[in-house]
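Take a walk through this protein chain with the model open beside you. Follow the residues one stop at a time.

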Amino acid sequence: MADEQHVRKSTKHRPETSQKRREILKAASEVFGLKGTSNGTLEEIADRVGMTRAGILHHFGSKRGLLLAVLQYRDTSEVENLEEHHIPSGAALFRHLIETARRNASRPGITRTFVTLSSESITDHNAGHDYFLNRYTNLREEITQALIDMAKERKATIDMAKADKASSAILAVMDGLQLQWLLDGEHVELAETTEYAMNALVWSVMSNLDEQAF
């Protein structure tokens, strides 16, 4: 709990401190993405930003605190250009997810970090476990609501028995394709395949839908 409180209390800083924290978070994302959280060390992160291990701990309290800050930093950067800094609903949410896949294809480092940390979160006592558990729970709810809102927008009929399954499947498609793309980007088109699969899943839960889902 202390680490989470440290992260929350560190949201407001002087400009130079905020810049240094961003540098640390970027370096930590790269190190954790390449080596995982167990093998990625604070010393290596510190070396990348010209600091000491103690300097990193001064900003984030612990390695766990740094990991949580990295995860929060990624989420914040995803929505910083959106209205009210929150993902939209209805058809706009699915367009946002497709655009996210397109951006991820241009930033393999961030994508690799997400895939690595999300995979590690299933291990015992992993610092990211609760974060990813809550993330998927919230996203499933938001996608289900977006399907409902989209059906109203398009005056389509929605099969609610399938909507929850489609929400889980959409997230599985996005994350699974990221892994395939990182392994074999030459043969896997991240954004295009994400859009194709998402269209198919949305169509599967709605009838009387326009030909172009998004």
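Start at leucine 171, which sits in helix H9. Is leucine 171 buried or exposed? Its relative accessibility is 8%. Buried means under 20%, so leucine 171 counts as buried. Now look at what surrounds it. Leaving aside residues up to four places away in sequence, leucine 171 touches Tyr136, Leu139, Arg140 and Ile143. Take tyrosine 136 from that list. Along the chain, leucine 171 and tyrosine 136 are 35 residues apart, but their C-alpha atoms are separated by 8.0 Å. Keep in mind that this is a predicted model.

Stay with tyrosine 136 for a moment. The charged end of arginine 135 sits over the ring of tyrosine 136. The distance from that charged end to the ring centre is 5.4 Å.

Helix H9 runs over residues 160-183. Another of its residues is lysine 162. Leucine 201 is 39 residues from lysine 162 in sequence. In space, the two are 9.6 Å apart, C-alpha to C-alpha.

Next come the rings. A pair of aromatic rings is described by the distance of the centres and the angle of the planes. How many aromatic pairs does the structure hold? There are two. One joins phenylalanine 114 and phenylalanine 132. Their centres are 5.8 Å apart, and their planes are at 65 degrees. Planes over 60 degrees apart count as edge-to-face, so this pair is edge-to-face. Where do the two rings sit? Phenylalanine 114 lies in helix H7 (residues 108-120), and phenylalanine 132 lies in helix H8 (residues 129-154). The pair therefore ties together parts that are 18 residues apart in sequence. Phenylalanine 114 has 4% relative accessibility and counts as buried. Phenylalanine 132 is buried too, at 2% relative accessibility.

Phenylalanine 132 also pairs with tyrosine 131. This pair is edge-to-face, with 4.9 Å from centre to centre and 90 degrees between the planes. Tyrosine 131 counts as buried, at 16% relative accessibility.

Helix H6 (residues 91-104) packs with helix H10 (residues 190-205). Their axes are 8 Å apart, at an angle of about 160 degrees. That angle makes H6 roughly antiparallel to H10. The crossing of H6 and H10 is right-handed. Which residues make the contact? From H6 come Phe94, Leu97, Ile98, Ala101, Arg102 and Asn104. From H10 come Leu190, Ala191, Thr194, Glu195, Met198 and Val202.

H6 packs with H8 as well. Here the axes are 7 Å apart and the angle is about 125 degrees. H6 and H8 are therefore oblique to each other. On the H6 side, the contact is made by Ala91, Leu93, Phe94, Arg95 and Leu97. On the H8 side, the residues are Glu142, Ile143, Ala146, Leu147, Met150, Glu153 and Arg154. Look for Phe94 and Leu97 of H6: they take part in the contact with H10 and in the contact with H8.

Turn to the loops. Histidine 125 is in the loop between H7 and H8. Its phi is positive, about 60 degrees, although histidine 125 is not a glycine. Histidine 125 is exposed, with a relative accessible area of 82%. Lysine 155 is in the loop between H8 and strand S1 (157-158). Lysine 155 has a positive phi near 55 degrees, and it is a residue other than glycine. With a relative accessible area of 72%, lysine 155 is exposed.

Finally, step back to the whole chain. It has ten helices and two strands. Read along the sequence, the pattern is α-α-α-α-α-α-α-α-β-α-α-β. The chain has 214 residues, of which 45% count as buried. Consider the contacts between residues at least 6 apart in sequence. Of these, 67% join residues at least 24 apart.

Notes: Residues are numbered from 1 along each chain as its sequence is written. This is a predicted model: local features need pLDDT of at least 70, side-chain atom pairs count only at pLDDT 80 or more; totals for chains, interfaces and linings use all residues. Side-chain values use heavy atoms; hydrogens and water are left out. Rings of Phe, Tyr and Trp (its six-membered ring) pair if their centres lie within 6.5 Å; planes under 30 degrees apart count as stacked, over 60 as edge-to-face and the rest as tilted. Helices (H or I, at least four residues) and strands (E, at least two) are DSSP runs, numbered from the N terminus. Buried means under 20% relative accessible area, exposed over 50%, partly exposed in between (1.4 Å probe, protein chains only). A charge sits over a ring if NZ of Lys or CZ of Arg is within 6 Å of the ring centre and within 35 degrees of the ring normal. Axes are lines fitted to C-alpha atoms, for helices over the stretch in contact, and angles run from 0 to 180 degrees between N-to-C directions. Angles under 35 degrees count as roughly parallel, over 145 as roughly antiparallel, 65 to 115 as roughly perpendicular and the rest as oblique. A crossing is left-handed if the near helix is turned anticlockwise from the far one by less than a right angle, and right-handed if clockwise. Contact means heavy atoms within 4.5 Å.
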